[in-house]
Amino acid sequence: MRSVITDVAIIGAGAAGIPAAIEAGLAGAAVDVFEQSDHTGGSCNGGNGVFAVGTAMQKEKQFTYTKKEILSYWMNYTHNMVDIRLVSEFINRSAATVEWLKGYGVEFSDLVAYYPGAMHVWHFRRDGSPFITDLLKAVSDKAGAKYHLNTAVKNLIIKDGRCVGFIGEDSEGEIEVSAKAVIIASGGAGKRADFVKEQTGCELGKDITVFPGMLYEDAATAPKLGIELAWEAGAAHTKLMIDSFASIPDPNFGPGGVPAQLPWFRQPQNICVNLHGERFISEAEMKNGAFMGNAIAIQKQSTAFMIFDQALRDKYDHTGMDYVMGNVHFMDDLTPDEYLKMNWDRGNRDIIVAETLEELCESTGIDRSLIRTVEEYNQAIEAHGNDPIFHKENEYLQPIKGPIYYCAKFRRHAYGVMGGLRINHRAEVISVDGDAIPGLYAAGNDANAIYGDTYPFSLSGNTSSFAINTGRIAGEQAAKFAKDLES
Ligand SMILES: Cc1cc2nc3c(=O)[nH]c(=O)nc-3n(C[C@H](O)[C@H](O)[C@H](O)COP(=O)(O)OP(=O)(O)OC[C@H]3O[C@@H](n4cnc5c(N)ncnc54)[C@H](O)[C@@H]3O)c2cc1C
């Protein structure tokens, strides 16, 4: 069997693995990175932007969020069910990491809040500027990291309770990698529908829509997850969390769950119903796609419909919309009507326009109780100026009368799947006994068990930021561990 001997061996060359390689390399360690695919960058090349608190950019724009305030918000949001020491380490380092990224050429153009009331913590990469992971990969090359592409890791090697390497495999066969420290940064379970179904009961691609090409096609030949590798080696389990939000299914995906051309479909003035033709939530909740996705998940066929009429469309077009996705720009410059036409020309029926509610029910499968639901909604607004069921804010109440109705079908859509491994604030992997496994570190989605059950869209840019920050911590700590072994 071929062999590689190194100080720090990293599994996965994505948003966590590459920063880990930089920090370990800069600390003087020999670094080898093993990546199962034929490219570096991981699932999203570092994403559109990163979460941080207390940055120069925030101060310039007079956003005064403090680390204390965000930490307290976070622990409240998660009911203290996540490791506060790890969360605080992440928050405390986040601003310095933005400066670190800038130092390596990442260009941030704006601060974005995902919805009105969300925090301006998403440091947005300038449109058209190089991907974060591409810039960092070049830095890691200079720091001496060696990349082994098309090489999947199959098993960790544990000797006397310490992780001392792993077995990888490329097209020529197996490779034994001996390392003083190993970092798992393999991106979470989001590509393995079989594993996620087994762990959560939810089937990616069926119960929840996914991006095209996101899933491994054949579970039998898919590379092992870093989570599986560590569990086999005695690591503690954390629950998996599907990072999901309400969205019109692909190919109509876009910012806030709707195509960039059709933001009308996520406005609070619309009416939202399930397949029974009944409202199930205040439409104002649409601003937070993750919360809305949770509500959709428990409806019949995990499906919902957003409906508005021509009068509302005219209002949106002439006086603007309440829920605007900040500085998020995606793709082409078709007008809304051109976009709708393109959609139908391609045979997609997730967005439809109907003359009457009867016609709408016919083409969507929504029960005809919709007609009564809309009548009652309109009557309550006209007679009492309120929403007696969900108490939607008065400024969002407008009767929906047609004659033209616009309707989009919403499902829950997954960005990825987080968690599985428990790490401490030094990114050490914790064993089932509650102690750190010597020589074994993890970072990024595999170790991201800090949200509880729902992604916090109020603090956007969070997952890539967690990956980059924990990658940096893992790289520093693994290099230190390797050095300490020598002395
Ligand atoms: C469309 C989209 C947009 C996004 N936008 C944002 C955003 O704006 N802000 C934000 O914070 N987050 C965003 N994210 C999420 C962000 O991309 C992820 O949180 C981040 O990439 C996770 O980093 P990671 O290193 O854990 O995993 P990845 O970046 O996915 O890297 C994991 C790597 O490990 C490799 N690997 C897996 N198994 C093995 C194995 N057995 N052996 C060897 N290699 C292996 C994989 O091939 C992959 O290259 C977005 C995600 C998507 C899909």
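1. In this predicted model, the largest nonpolar core comprises 113 residues. V31, F51, I70, W74, L101 and F166 have the most contacts inside it. Helix α13 gives the most to this core, 8 residues. At least three residues come from each of domain 1 (2–189 + 225–240 + 419–486) and domain 2 (245–413). Another core, of 48 residues, lies apart from it; F280, L370, L397 and C407 are among its members.

2. An α-helix has 3.6 residues a turn, so residues three or four places apart point the same way.

3. For I70, leaving aside neighbours within four places in sequence, the contacts are F51, V53, Y65, I91, M119 and L459. Just after α3, H79 has a positive phi of about 55 degrees.

4. Helix α6 (residues 193–200) has A193, F195 and V196 buried. Their arc around the axis is only 160 degrees, so they sit on the same side of α6. The buried residues of α6 pack against α7 (226–232), β11 (241–247) and β15 (405–418). G201 follows α6 and has a positive phi, near 85 degrees.

Definitions and conventions
Residues are numbered from 1 along each chain as its sequence is written. This is a predicted model: local features need pLDDT of at least 70, side-chain atom pairs count only at pLDDT 80 or more; totals for chains, interfaces and linings use all residues. Side-chain values use heavy atoms; hydrogens and water are left out. Helices (H or I, at least four residues) and strands (E, at least two) are DSSP runs, numbered from the N terminus. Buried means under 20% relative accessible area, exposed over 50%, partly exposed in between (1.4 Å probe, protein chains only). The arc is that of the directions from the helix axis to the C-beta atoms. Contact means heavy atoms within 4.5 Å. A nonpolar core is a set of buried Ala, Val, Leu, Ile, Met, Phe, Trp, Tyr and Cys residues joined through side-chain atoms within 4.5 Å. Domain bounds come from an automatic or database domain assignment.
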